[in-house]
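Q: Got the file open here. Can you walk me through what is in it?

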There are 4 protein chains.
Amino acid sequence: MFLSQLEKSNTLDIRSEPGNAGKDRCFMYSFKNDYSEGAHPLILDALLENNRSQQQGYGDDEYSVRAGELIRTKLGNPHSAVHLVSGGTQANLVMISSTLRPHESVISAVSGHIDRHETGAIEATGHRIETISTHDGKLSPELIADFLLQVEEVHMCRPRMVYISNSTELGTHYMKDELLALRAYCKENDLYLYMDGARLASGLDAGDITFADLGRYTDAFYIGGTKNGALLGEAIVINNPALQEYFSYNLKMRGALLAKGRLLGIQFATLFTGDLYFEIGAHMNRTAAMLTAAFAQLGYSFLTPSKTNQIFPILPEKVIDGLRKNYDFYTWQKTDRHHAAIRLVTSWATEEAVIQLFIEDLDRLTKR
Amino acid sequence: MFLSQLEKSNTLDIRSEPGNAGKDRCFMYSFKNDYSEGAHPLILDALLENNRSQQQGYGDDEYSVRAGELIRTKLGNPHSAVHLVSGGTQANLVMISSTLRPHESVISAVSGHIDRHETGAIEATGHRIETISTHDGKLSPELIADFLLQVEEVHMCRPRMVYISNSTELGTHYMKDELLALRAYCKENDLYLYMDGARLASGLDAGDITFADLGRYTDAFYIGGTKNGALLGEAIVINNPALQEYFSYNLKMRGALLAKGRLLGIQFATLFTGDLYFEIGAHMNRTAAMLTAAFAQLGYSFLTPSKTNQIFPILPEKVIDGLRKNYDFYTWQKTDRHHAAIRLVTSWATEEAVIQLFIEDLDRLTKR
Amino acid sequence: MFLSQLEKSNTLDIRSEPGNAGKDRCFMYSFKNDYSEGAHPLILDALLENNRSQQQGYGDDEYSVRAGELIRTKLGNPHSAVHLVSGGTQANLVMISSTLRPHESVISAVSGHIDRHETGAIEATGHRIETISTHDGKLSPELIADFLLQVEEVHMCRPRMVYISNSTELGTHYMKDELLALRAYCKENDLYLYMDGARLASGLDAGDITFADLGRYTDAFYIGGTKNGALLGEAIVINNPALQEYFSYNLKMRGALLAKGRLLGIQFATLFTGDLYFEIGAHMNRTAAMLTAAFAQLGYSFLTPSKTNQIFPILPEKVIDGLRKNYDFYTWQKTDRHHAAIRLVTSWATEEAVIQLFIEDLDRLTKR
Amino acid sequence: MFLSQLEKSNTLDIRSEPGNAGKDRCFMYSFKNDYSEGAHPLILDALLENNRSQQQGYGDDEYSVRAGELIRTKLGNPHSAVHLVSGGTQANLVMISSTLRPHESVISAVSGHIDRHETGAIEATGHRIETISTHDGKLSPELIADFLLQVEEVHMCRPRMVYISNSTELGTHYMKDELLALRAYCKENDLYLYMDGARLASGLDAGDITFADLGRYTDAFYIGGTKNGALLGEAIVINNPALQEYFSYNLKMRGALLAKGRLLGIQFATLFTGDLYFEIGAHMNRTAAMLTAAFAQLGYSFLTPSKTNQIFPILPEKVIDGLRKNYDFYTWQKTDRHHAAIRLVTSWATEEAVIQLFIEDLDRLTKR
């Protein structure tokens, strides 16, 4: 079986059988998510190496301290506060609820993760999400300004934070001029700018925003680990000093402060030693781009123009059915009677050999 | 250095130098917590072995499913629901907030972790904690009945759940007759019985309650992993079917549903394969008992009578100061002008050789 | 001055000067709201008459008890629970938050008061509002079914309640067949049906739903007093026994249980002695209909087809400017470059004489 | 019947029959509460007089504006913000929840109303109440300092506000030196000082604190109307500018902003025209003092030393049983086998004639 071979190997090599293209293959490979596999081998190495050292609890371990320093150095912002937590919904709910006063709300695209897929996590902390429709999952000053025109005093919440995802839930990403425009608009309008970086490495790799830009042009953001090669974990980075104070209390209060913070510290220290974090993002985008090129060459169009690790090609149902025999993925939405957009996601563990197999199968199914 | 030696070794052996007793030793060992080290080696082995398998997200991976089955089998209750989360505060806040209706409160000992050390996590979900003073951290039907006498309708919350910890925050543990009495009282009085098992293996090992008893005599409890050899993680077990429905929604809403649930699944599947979970508890209690015996032999008394992995000996300040040169621990409370109770905690990684060194030092400091 | 004359009179007569039409009048009359004046004289009489009687607190006074009985009798449902509170946002937030479990959400039209004009009151209790776009402020099984198709398990809230307003925020009202269809759909889909009756008397008078229908076909609703002649107050009616238990605890917890509940009791007992409550609704609709007829006769169209006490005629800006000299009202929305819809609201205190003055002015301004 | 005579009279006279002392009387008078009757006649007069004037909604009516000005003038603090709400629990929950950040808690005496009798209203907004035991319901810098010694960082909430009641729930009151000491301590320790003035007029009348002192030495307080002659209503006064901003949003969000704010405005404008508010407090204390003197003269002792309108005499059960035939009141607590403390409360409507009847009956029952 294909996967058990992968498991045995401790490298990124894949023993594919390209000569078998066209015949039935007996394996199943998942493009459903970038969190289908475990952790990058360098992370596991670090966990093993440090396993028996005795450490302080609750984020005061030396690894978490070091991870914070590495991240601040890469940001070029010595005053940013770094807090490590176990998941993205947790990062969002603690960051948003600790920032907003009770009557304040957060602005998000309709497609924003906090509004679509977090089971009312923000509302459960008492805050309203104000949603704005977009065609590509991205907010802009114009869209926000239109929304704010309708807001009445006292009888409606006071919007106080703008939530953006980079990359977005639709595979798109922000460019630096877009970030700068949002930043300027937010400053003028007394809005905090917060970036959900569940897929940050992929989002940055796709565009021209640098990691250091995030330390300058957002009030806070989080660095996604779960979807970028960690066992779990996200690093919340708070640049705005006004939002830093007492943040640890809020982490504890929401159940987000791990006793064994070392697990998060070791991972983020590994990811930010050298450029591992960003290399993983580049790897994911590169493998996704191989798929995109193949779809485009065969004449397929896409739901959104994505240069990140999530792509949404539109395919005939027959091709989709054919692909399902060996590949797992989500059908995203019907586009007409006989076509649908599917979502394919690459991960830190996606091998080029698998991409080649997929492309061969796609080619064969298209031309059948 | 002592610890680096420990780290290099991949076994539980310790290269101690007992002949050096009486001289200055150049090491520092921490008895502060049972979460100072990483994970039990068998857990790391399992993580490595399964790292590249592709799994469903959000707790639907095969390891989490297997962990649930192993736990249900050991409980002898095929209808118990098992949910894996990353920490104890999280387990408590999701379990309590998903159970109570808005006007309902939870009863806890004053020393209960939810009241003392969770930064208002329960209140942050909108619920009041009703506290009862105890001498040993344990609740009883008599104590609860006294409290309930003072509760007025409508103008006070309706108490609906009893929260107990086993072992308790003071190192004590419940016996089976005590659990049965609480169970009967709760049933009669329309109260749910919930056990915080952050240190469950230690608590069970110290007394006569079996793991299967927990499936019969509580509405819900959680199995602590963080303090029992896991990298992180707790397994919430819900026995009462009325509390099971829609629990996953609440996990997600509180940021407690991990995308890579496999990390928790692999760990709990390992801990509940054979008796590893309980062996770790027994190891912790055995090493703590060695310390207890040594203190008793030297004539010291204790703050509470503990058979678990947390002990609270009362020592002269001079002895405490002496111990601090090589050992880290909490001073718990002053007991008179020249004495204080300290807290010593053993862990899955505590070596008997370290215990011997400690006892030698204690002996020497006492007799100086 | 016009208004001081109104105040002196203790009847509904108005000493108008119709002969003055065409000349400048020196008065200002407000059609902004149905809560601009104090209370219906019969309510004040009752307050005076009972002022010195000593009563139990917190809703156990004899007037509140009597109000409950009168309402139940008119409903024909002896098992409905009646609770009196001071305002509509309060009624909504207590009813919704006491009904929903933490992970559950409420469905509302985009125009619904809970979503548009209650400053996140529902979210502040931890619950999400799911919104559906409508053209007339009314929900239907079809609209709800379309929405429910997009709801995913676990990762989205579980919708559990449908919130409708009657009359709606856009002046429209439900007919009996619409209510029955919603009721049937909700039952099939495990949804509670809750009606916001801030303007209930007006809504019922406009259509064919009887008051008794509300006791049969909703799980809960509230009877608006503030906008129907009371000094303040709304009567929450809970028909579904499952939602009745412990409701008083929730009232107290949300600050909605008045010590001097007698103030609410006396008012609702007065409104539901005979048909006063409904007569006030009919009066408001009748005076509004006089305005509607006048607008229609002059060829004006309307934003929504309203038979209730809120109407939305579309006027040229010149006419709007002219009306503003003697009348206060909201401009609701621009409809094109030179036209806007205004909102006119009649109240229990609106005199036909004022309506006549307004119509004369409208006529004059239109024909100028 | 006694009470119907009271009702007919529009004065404070009472047609008692003192000659009948010793015989059975056929009336029942309640000393249970200070909210058993309706409103002071001057308030009803004002409501009648202004009933038909048209006013802005949501607290922008001219009466609410005038009430704010009158209160600010009496306070001598032109910068205090005044907000009128319908009840005390509501005042407390909005004030506390809008002030505290999520991880912050409020300190109260164990006997404090927010902790004892508000059904978890503060916790329902997400905040923890830290309680301190007292013998008389009053907090002091010493008691608070002792408590703060036990507070740990991060793992416990950060106490940020001190809640005191004046008069207290036990009938005691603060003196100016006590208030100044609390004020100084709170300033030094970054704590807000908030006074619950449900029975403020009685509390001030009993001691040497002036109304203007409250504008200088508290961050916020509320002026109780419900228990001081109003139909309902409390006036929240916020002196600290940092706590004023956006308060109206929080009122609306918690369902505390009345559409017909005029009802509250007219009442507080009446209470603060001249000294009516304080005269009512003085009347209540004077009638209570007559009772206190009578008890003392007969040799009875008291649970607490009260100069306010709540007194707690300790009586033999036989006397209590005898009094119950014509008087209603709470038995507060058993003090020994044959004695209990009862609570007697006087109100704005308590007639001296009734006090005389009570004293006659007490005398007779004592000497029987």
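**Burial, domains and symmetry**

A: Of the 368 residues of chain A, 56% count as buried. Keep in mind that this is a predicted model.

Q: How many helices and strands does the secondary structure of chain A come to?
A: There are 15 helices and 13 strands in chain A.

Q: What radius of gyration does chain A have, and what would a compact globule have?
A: Chain A has 21 Å, and a compact globule with 368 residues would have a value near 21 Å, so the two agree. Along the principal axes, the C-alpha atoms of chain A fill a box of roughly 65 × 55 × 35 Å.

Q: And the contacts in chain A, what share join residues at least 24 apart?
A: That share is 74%, counted among contacts between residues at least 6 apart in sequence.

Q: OK, domains. How is chain A divided?
A: Domain 1 of chain A takes 2–30 + 276–367, and domain 2 takes 41–271. Their centres, taken over C-alpha atoms, are separated by 29 Å.

Q: How many residues of domain 1 of chain A are in contact with domain 2 of chain A?
A: 19 residues of domain 1 of chain A are in contact with 19 residues of domain 2 of chain A. On the domain 1 side, α13 (276–297) and β9 (310–311) of chain A each supply at least two residues.

Q: Which element gives the most to that side of domain 1 of chain A?
A: α13(A) does, with eight residues. By class, the residues on that side of domain 1 of chain A are 10 nonpolar, eight polar and one charged.

Q: Switching to the assembly. What rotation superposes chain D on chain B?
A: A rotation of 180° with 0.0 Å of shift along its axis superposes them, at an RMSD of 0.0 Å. That is the relation of a two-fold axis.

Q: How many residues of chain D are in contact with chain B?
A: 15 residues of chain D are in contact with 15 residues of chain B. The side of chain D that touches chain B has five nonpolar, eight polar and two charged residues.

Q: Why say that the copies, chain D and chain B, meet through the same surface?
A: Because 100% of the interface residues of chain D are also interface residues in chain B.

Q: What about chain B on chain A, what rotation superposes those?
A: For chain B on chain A, the rotation is 180° with 0.0 Å of shift along its axis, and the RMSD is 0.0 Å. Here 100% of the contact residues of chain B recur in chain A, and the same surface serves both copies.

Q: Now the core. Which residues of the largest nonpolar core touch the most other members?
A: V162(C), V162(D) and V237(D) do, in a core of 202 residues. A second, separate core of 201 residues includes A67(A), A269(A), I129(B) and L251(B).

Q: What is V237(D) in contact with?
A: Leaving aside neighbours within four places in sequence, V237(D) is in contact with I71(D), L75(D), S80(D), V82(D), A220(D), F221(D), Y222(D) and I223(D).

Q: Backbone geometry next. Which residues does a cis peptide bond join in chain A?
A: In chain A a cis peptide bond joins N166(A) and S167(A), with omega about -5°. S167(A) is found in the loop between β5 (158–165) and α8 (176–188) of chain A.

Q: And in chain B, which residues does a cis peptide bond join?
A: N166(B) and S167(B), with omega about -5°. S167(B) lies in the loop between β5 (158–165) and α8 (176–188) of chain B.

Q: What is phi of T119(A), and where is that residue found?
A: Phi of T119(A) is near 50°, a positive value in a residue other than glycine. T119(A) is found in the loop between α5 (113–116) and α6 (121–124) of chain A.

Q: Is T119(A) buried or exposed?
A: T119(A) is buried, with 28 other C-beta atoms within 10 Å.

Key:
Residues numbered from 1 in each chain as written. Chains lettered and ligands numbered in written order. Predicted model: local features only at pLDDT ≥ 70, side-chain atom pairs only at ≥ 80, totals over all residues. Core = buried A, V, L, I, M, F, W, Y, C linked by C-beta atoms within 7 Å. Buried ≥ 20, exposed ≤ 12 C-beta atoms within 10 Å, placed from the backbone. Contact = placed C-beta atoms within 7 Å. Least-squares fit on C-alpha atoms with pLDDT ≥ 70 in both. Domains from an automatic or database assignment. Helix = DSSP H or I, 4+ residues; strand = E, 2+ residues; numbered from the N terminus. Nonpolar A, V, L, I, M, F, W, Y, C, P; charged D, E, K, R; others polar. Rg over C-alpha atoms; globule rule 2.2 N^0.38 Å.
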